[in-house]
Structure formats: structure tokens, C-alpha cells
Amino acid sequence: MTYTRPRFRNPHLPVNEIGYTQKDYEGALSTLCAGCGHDSISGAIVQACYELAIEPHRVAKMSGIGCSSKTPAYFLSNSHGFNSVHGRMPSVATGAYLANRDLVYFGVSGDGDTASIGMGQFVHAIRRNLNMVYLVMNNGCYGLTKGQDSATADLGSKSKSGHTNPFQAIDLAGLALELGASFVARSFSGDKTQLVPLLKAAMAHPGFAFIDVISPCVTFNNNPGSTKSYDYVREHLEATATIDFVPIKSEITTQYDAGSTKDLALHDESMIRLHKIAADWDPQNRWSAMNALHQARTKGEILTGLIFLDKGLQDLHTVLDTTDKPLNTLKQPELCPGSKALEEINAGLR
Amino acid sequence: MQHLSAINDFVIRFANVNGTGSASANGLFARAIFRMGIPVTPKNIFPSNIQGLPTWYEVRVSEKGYLGRREGIDFMVCMNPQSMPKDIASVKPGGYFLYDSTKTLHREFIREDIHYIGIPLMEICLREYADPRQRQLFKNIIYVGALSALLDIEFAVLETLLAEMFLGKEKLIAPNIKALQLGIQYIHDHYEYPLHIRLERRDLVGNRILIDGNSACGLGAVFAGATVAAWYPITPSTSVVEAFSEYAEQFRTDPETGKKNYAIVQAEDELAAIGMVIGANWNGARSFTATSGPGVSLMSEFLGLAYFSEIPAVLIDVQRAGPSTGMPTRTQQADLIASAYASHGDTRHVLLFPSTPKECFDDVVAAFDLAERLQTPIIVMTDLDLGMNDHLTAPFEWDDARVYDRGKVLDAEELENIPKFGRYLDVDGDGIPYRTYPGTHPAKGAYVTRGTSHDEYAGYTEDSGTYKRNVDRLLKKWDTAKGLVPAPEIVQAATPNDCGVIFFGTSIYSAAESIELLAEQDIHLDSMRLRAFPFPESVGQFIADHELVFVVEQNRDAQMRSMLINELGIDPKKLIPVLNYDGMPITADTIVKQIIANFATV
């Protein structure tokens, strides 16, 4: 069953600049386990969309299969969603994006969905710099099939059954960086203050925005010895910087010590403001970002925050030189060459 | 020695080495015959290779207008020492064998019952051309010149064709003409010409055109308004998207901005290609892919999702012979069952079976309308023979009054005026629900698309009754499809009889020829050409009206016969398989022999 929320509405709820309350961005009630990190991420998505004042119906929610891929039902109930095939969300999103370049494409995947069965499509979505947010709810295990290790489980991490993972982990943020992704970030489902501005920046970024969100599985991977448990992640977080997202042409109100901040203007004139910046890290230098990621891993830390941003890369529509109008709005007279053209083709084939 | 003797009725085969530029010379030869008003059928028999392996080009010339392949080579043009023993053996007694006589032919290659025409092609090329590449290319044109003298091809026709071929590169015309003349001159000096088999101008082609099926499919997709093509290269389907790309560039470039009113993505594999097609169609753009058997296998999972979530998609399957590399450059109709029932769960897909390039165009256009009307994948089943060979076909037609059928889609205003939108609700009783495009209305019409687990309002459910109700509605939609797909083409024999023959796709040419040949032997058959799956009612009626029905198809397992038995509950004894599955296009001879053999055993 889809469990819808009661439509009771408090008339005094605050509204955003286009007149929507935060409730207008919510979805159906979640059927995930109580305490699941994924639900916190859904909450952050609701908040980010509300604060960005995106019209809910102008978002398309794309997902594959798995616990994570169920979440699009739990946020933005006025948006179309597509719970597609295991590991194949990127291709469906590619097609949808080609058809209509004017919607916001929000892709949700999991570590099984992305790092195993969907690895090929994930990699190629990055290559094409699809204009979409690609969020991985990363818990290091397969939840719906009851707790098998995934390809992002760390070497030596212990599962609930006591089994120790004997394989190397795939670092999706590192992979995305290596493949040339134009926006790479990592966060933690328990850290909404970091996740919300990252989500807003990702949605404002006109290219492939990848966010790897460590999201502990309360049922199968929250035990001592697991490197994706709430306790372990909280103890090993290391941020690149604290970030604020400043919408288009808004005044910067937060004050920071001079010299400790860095502003990154995005394509649409919104701004990412970074402060408490980690030493030896430059978000616009891919090598510096890779270095920071590797150093954190060596120290057993999980580097979070904005890791890399490339504002110059062209998105897929620009590369293909498609018309500015969404292709799904073109009408028959613009599409069909007509009988006269066909007669000429016939003549050329005689 | 016997001389084969025939006007406008022979088969000539060119044995070439892949990658030596022979294709354009051989194409010039075939097109010249077409321009002389004589029905012609060229076929490529090529290896899975870019350079070096043997490749053949076979041209059947038929005054009677038979366009199927015919067994037996009347004239062999041998340009490949590798395949020479086999090529010599394949010539009919009294036939001709043209070869490069720069080196003497070894005694073991001499047959007493065929005619040898030696031309020192390499010697002429070495003498006339300095550049090695030119020597290779003009060697091909020289043998075309020689053939034009031997078979009586009008020189003016060749001249015109060369002028058209090199439009914009006029410098190349004169050297090509010279090469033709070198060949003609050699024949004039050394042989009697023309031969007993030769050509004579006729007016038998009418307004027909010469084109391959893949180009026709690509053109059809442009006319049908496809805006998103996603594909993965695979022989023999690759040229479908290449043709779409060329025609789209010509007709779909915005005159003001120079930007493209279409998008083509070469996907990472077939799984992604069909995923993109489904994503684009879900979002309201007409989108298609083209593939072959292995691609259909890979796309099966997604085809099931599209069937259950009711998303339009158009897939062109250019069928070939099975998996791996090698035989896949040969033709077959062997993906029928894999396509009709592709995917897990209870799935069935609509298939269209074009027989000619004209029908490739028409069926691709129809496929987009059907896909959106029925909200389901439509698979256009062509094959390598149709897709990659030029066929003489009726000219393409387009009615400017024709309006695309975009199916049941609700816009913002319509959503505003209905009390509650139900994505999977059968409002009209035809099993087809209404859909909405993402981003249509701020508060109405949004839903989450999923596979099987949804109720009439697209809400998540695992309720048994709801599931059953939904899949039963899909069957109702399947029944609706029977009335929308093209009806079979039924032809009654002039002499009343109780036997019928069923065929489809590229078997049309040889089937039509075999019906005439059998009639000469007093075996009269009514015929039915299938155009689509699901089978309209008239298909069952035709079978019911006959005692015995032959089913002609180009696969080992009589897949169409199985589908007829399965779908229509026909007694298997009534349907006699007539099969061809060696990778070569079916011949009338194959059909005639199998049908006669059956009567002999009755």
C-alpha cells in the first residue's frame, strides 16, 4: 500500500518565495525501517527543494531498485517518479533528460544499485555529464535481500552476522572524480546541516552532480565492527569545509573571519560559500581533491563536504547541440519533413 | 559447348576481397540494370570482417520481376583467388567465369563445361595507374566496363550514374570513364560480344525505387517525429541509426539557430539504449532504438518493465543468424519467440513484419503511433536481407493530412477537469489507461512509475486481487491491439483449393515466385502474408478455411508456427513447416521442393 499522509494543513506554516510550504514537498509515508538513514536524506531533500523554491512538479525523481530506490515515493509527491530497473536508473534518466531539458532530474540510487549491477551505467552517465543530481544512499550492504555485503563495504568491515568482508571497497566519490565528474560531494545522513546546502548546490549545478551519502542500515549494518554504522561514521568524519549555499542574488548574511572563506559562483549566479577550509585542498583542482580523498582514507577518515567542482564542463545537451526547446514540446510541423521532401527522396533513389 | 542463353534472366555473382572498394563498383553495375528498366535484386554475402576475407555480391536479373534469391550462378566474376575453387564449382554448366588473367589459370581450375573470360586486369592497372590504391579501385571499374560490353549495358547509363555518384567531385568522373573504357576495349579486342546471356532495355520498373530497408527505417523514424535515438552498434542494424542521423541532419536542423531538433546517443550497451528509449518516451518524446538478436536478449528486462509500466517504445530488430561473430552477418528470422515473449513475467509484445523497404518506412511510422496508442513497446522485425540489401520497392508515400496519434495523454487543463487521475484506470473499456507527462500540472497527475506493484492510481500495492485485475486489463489491451495492427494480406488462388501457405517478412519474394511455380505444376495455394503479432481474427479464419497450411519461415524451429499454435489453439498437424535456416535468403526452389515433398508423402 501507499500510505499517504493526512492532508491536515496548519494555515500558519511558513511559505517559500513561490508560495509553497515545506509540507508541499513531502511524499508518502516511508515503509523503511525505523531509524533508517535514508529517511533522513529524504527529509533533507524535502528541505532543500523547499528552500530552493523549486516547483515540485518540475522535478523528476529517478531511481533503480533497492531500499534507497524506494525513497522517491517518500518525498515530493507532486513530482513524477520512476522506480525503474536495478542498476539502470542512469539510462532512464538520460532518456528523460534528452526528452525534456527543462526539468530537474533527481536520481536516487544505492551502493548495490550503483557500485555493482549499475556500475556501467553510472560510469557512462558521468562521461556524458548529464545535468542531474545523482545521490547514492550508501550503507555498504544489500538491505532488501537482508544484509549481504555490497561493493562499497570496507575491507575488514564486520556485518551483523559476524562475517568479515574480504574484498576491497569501491570508493564511489573517488571513482566519480577519476572519471571526470563535474560535481563530487560526500555527506552523512545524520548531518542535515551539511547535506541540505550540498543538495541545493548540486541541484543548482548544470551538470552531473554526484553525492555519496553514507547512510547507515539500522537493521543489517549498524553493529560494532561495521565501518558504516552510525557510531563509526560519526567518529571518523572529516570535513573539507563547512558549506553554505547562497541562492541567486541573495545577500550573504552569515559572517565569517576574513581569509577563512572561499566563494564559488555557480552557473545560475547562486553561490557556494565554503569556510573552515581544510589545508591543502582546493575544490576546483581535481588533483588536490583526489589527494585530500586519498589522505583521509589512509588516515581511516571519511572525507565529507564538497570535494570537487568543475564549472566549465558542458552538459550533454550542449555537447549534442540540441535545440533550446525541450524536444518533447516540438510539434509535428517541426518534426515531419512532409510529402514534398519525400518525393525528392524518391526521385534520388531511381 | 553449351551456352546459357537468356535475355534479362540470369544470376551474376561477384567474388571479391573485403575492403577492396568493390562495393561501389558492384552497386554501379546493379543500378545500371535498374536504370535500364529491368527488375534487379542485389544481395551482399559478407563476412564479419573489415579487410581481407572473401565477400560476395549476387545480382539476380529477372524479366518476370522475381525479386527473391535464385540458386545457380550463370556468371561468376572472380576477383578473389582465396575462394576461386569454390567459385568455379558454383557456376552452372554453360555459364561464364570472368577472371584476372595476368597470371595463367592453373590447370586444376579448368572446367570443360563453362566459358572462361580472362582479362589481365592487374597488368592493365599496373600499366595505366601509378598509385597502388588507384590500381585497386580502378580494377573494379574496369571489370564493370568489361561486363557492360559482354552483357550489353548502355554506356550512357553508366556515364550518368558516375556523374551522379561524383557530384561535387567532378575530377573523379573522367578517370572512372577511362577505366570503364579500358574494360570495354579489352572485350572488343579479344572476345565476341555481347554474350548469349545479356540485357535489353525494358520498362518494367515503373516508378519503383531502389533502397535498403535500414535506410527506409531511419527515414521512417524522421517522418514519424522521433526525436531521441539511443543505440549500440551491432550488425546488421547499425545503418538504421546512421540513416536516421543523416536524414535528421538534413530535415531537423533548426533553420534559425542551426541547432538540432533531435538527439542521438550511442549508448554503452543495449541495456542502456533501451533504458534511454523508455526514459524519453516516459517523458513524452518519441524515441527508438535499433538492434539485432543479442540486443533483444539484453533488452528483455527493460521490455518487461515497459510492458508492465505501460511506456511506449519502438525497437527495430534487424534479425541475423544467432549469437557470436561470423554467421551473424547472414540473414534469418529467428528472433520471433524471443521478441514476442521477451522478458520475465507474463509479457507479450506487438511485432510488425515489413517485407519491403516501403513497408519498413510505413511500419516504423505505424510503430510510433501504435506504441503511443497502446502504451507498450512495438518491435519492428526486419532482417539482414531486408535491412542491408537494396530492394526494388514501391516509392515512399506521405499524406500531409496525416496526424500523429500521440495516444491518451492528459494535459494540464484536462487534469484540472477530472475529479481524480488514475494512471492505470481503464476509463474507456479498451484496456488502455491515460497517462501524463512529468511536469504537466502543479498538483495533479503526478505518480511514481513502477513495474507490477501498482493499483489503478499507481499507488504501491502487493495485493493479489489488484495485481490480477491489472494483468487481466493488459490482456484486454492485447485484444484491442489485434484491431489496430496491420491486417494480413490474403490472396486467393485462381483455382479453388483447400491448401494455404503463410509467410511474412522477406520470404514474400520467393513465396510469391514459388506459388507461381507450383501453380504450373497444378498445385494451387491460397496465401496469407502476416503483417503483425498479435494475430488479427482473419489469421485464424484463414487457417480454419484450409485443410492444410504451409508456414514458410527462415529459422530452424518453426517459431512462427509455434506462435500460431500457441496463440490460436491450432492443431499442430494442420500447420506444415517450410524452413530455410542456412543464413542465406530463402529461394523459391527451397519452398517448392519442401511443399512438393510434402504432397509426395501425403
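Strand β2 (residues 80-83) of chain A pairs with β17(B) in the parallel sense, over 2 bridges. Strands pair here if DSSP finds at least two bridges between them, and helices (H or I, at least four residues) and strands (E, at least two) are DSSP runs numbered from the N terminus. In this pairing, G81(A) stands opposite V448(B).

This is a predicted model, where local features need pLDDT of at least 70 and side-chain atom pairs count only at pLDDT 80 or more, while totals for chains, interfaces and linings use all residues. Residues are numbered from 1 along each chain as its sequence is written, with chains lettered from A and ligands numbered from 1 in the order in which they are written.

**Where the chains meet**
- Chain B brings 57 residues to the contact and chain A brings 51; two residues are in contact if their C-beta atoms, placed from the backbone, lie within 7 Å.
- On the chain B side, α9(B) gives the largest share, 9 residues.
- That side of chain B has 35 nonpolar, 14 polar and 8 charged residues (Ala, Val, Leu, Ile, Met, Phe, Trp, Tyr, Cys and Pro count as nonpolar, Asp, Glu, Lys and Arg as charged, and the others, Gly among them, as polar).

**Domains of chain B**
- Chain B is divided into domain 1 (6-198), domain 2 (211-393), domain 3 (408-485) and domain 4 (489-601), with bounds from an automatic or database domain assignment.
- The centres of domain 1 and domain 4 of chain B, taken over C-alpha atoms, are 36 Å apart.
- Still, 7 residues of domain 1 of chain B are in contact with 8 residues of domain 4 of chain B.
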